[in-house]
Amino acid sequence: MSVKILVINPGSTSTKIGVFEDTTLLFDETLRHSTEEIAKYPTVIDQKDFRKDIIVSFLKEKNFDIKSLNLIVGRGGLLKPIPGGTYEVTDDLIADLKSCVRGEHASNLGGILAREIADEIGVKSYIVDPVVVDEMEEVARLSGLPDVPRTSIFHALNQKAVAKRYAAETGKAYEDLNLIVVHLGGGVSVGPHKNGKVIDIFNALDGDGAFSPERAGSVPSGGLVKLCYSGKYTEKEMMKKLVGNGGFNAYLGTNDMREVNKLVESGDEKAKLVREAFIYNLSKNIGAMAAVLCGKVDQIIVTGGIAYNEWVINELKKYCGWIADFTVYPGEDELLALAQGGLKVYNGEETAKIY
């Protein structure tokens, strides 16, 4: 008997939903929310009823019987550090999402919306591989300052999904492979996957690794401290410089790789240098993670929106092709990854973890 799944992936100004029958997408939609609509709510959690009503109304418009669903899966939010996997949405998990235990983000609504809609129709709700997945080895946590340990925040859902996809396509077990997965989007993350675990990671959110279209990545710490105490910026403004206004935005005023390419093609020397520096720093990250895996790398997997760019892939191969062969899965299919995680639990292939 087929299984019908509703998947909910909230973003800052949109809510992506998909309805699957097993792993076949029946339909999906990006429900967009204007800045004016979002501004009515003091916090992200306050948006819950607004977003729920939009989801339910859309399903009615599609003449889809919500009671025909077998389970609902939401995007995981900023929870406490947890190993990868599919988690049942429990009261404790809901409490931490609502209290924003690790920070306020639209993805916190994923589990909350899934649980509320699921409870109303009497089915189970889950989250899958949230951004706080933490499988780091203890040696990777030491930064040089006990007050500032290295932490695991990255594109866990997509990284895990493409790693497992590669394993399935090559007839191997994910747990038997050593992989380096490179996610290239508004933020970038490079993770070494060893025997089914991401044993190290550059914090993709607030200051680690290569700069990206929107994020500053690692910057010289002494210079950063001086800038913080210069009196020119508030704490909020400094964080925005690191996350949101950093990287391509800071250098070129755009976070769109396609626009950067156009600038380069028009002869813009600064854009050319920034693009090259992006590849240069990203390649250093890949090399560092190869060292973490002691040079035993079965494959380098590149994914995310920027992976559509052939120039980027070719340049990465020039720097890192000696480490391992490349497999490219451009874009990201997070809705499918969420559905697959929930389906494996529903079918008894995996056991849901408890937060």
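Modeller: Start with one pair. Strand E1 (residues 4–10) and strand E2 (residues 14–21) pair in the antiparallel sense over seven bridges. Strands are DSSP runs of E, at least two residues, and helices are runs of H or I, at least four, numbered from the N terminus. Two strands pair if DSSP finds at least two bridges between them. This is a predicted model: local features need pLDDT of at least 70, side-chain atom pairs need 80 or more, and totals for chains, interfaces and linings use all residues. Residues are numbered from 1 along each chain as its sequence is written, and side-chain values use heavy atoms, without hydrogens and water.

Colleague: Which residue in E2 is the bridge partner of isoleucine 8?

Modeller: Isoleucine 17.

Colleague: What is the strand order of the open sheet?

Modeller: In general, strands pair through backbone hydrogen bonds, parallel or antiparallel. Here six strands run E3-E2-E1-E4-E6-E5, with mixed pairing. E3 (24–32) and E5 (86–88) each have a single partner strand, so one side of each lacks a neighbour in the sheet.

Colleague: Which strands does helix H2 touch?

Modeller: Contact means heavy atoms within 4.5 Å. H2 (residues 48–61) packs on the sheet and touches E1, E2 and E3. Its direction makes about 40° with that of E2. Axes are lines fitted to C-alpha atoms, for helices over the stretch in contact, and angles run from 0 to 180 degrees between N-to-C directions. Helix H4 (residues 108–121) also packs on the sheet, touching E1, E4 (71–75) and E6 (124–128). The direction of H4 makes about 165° with that of E4.
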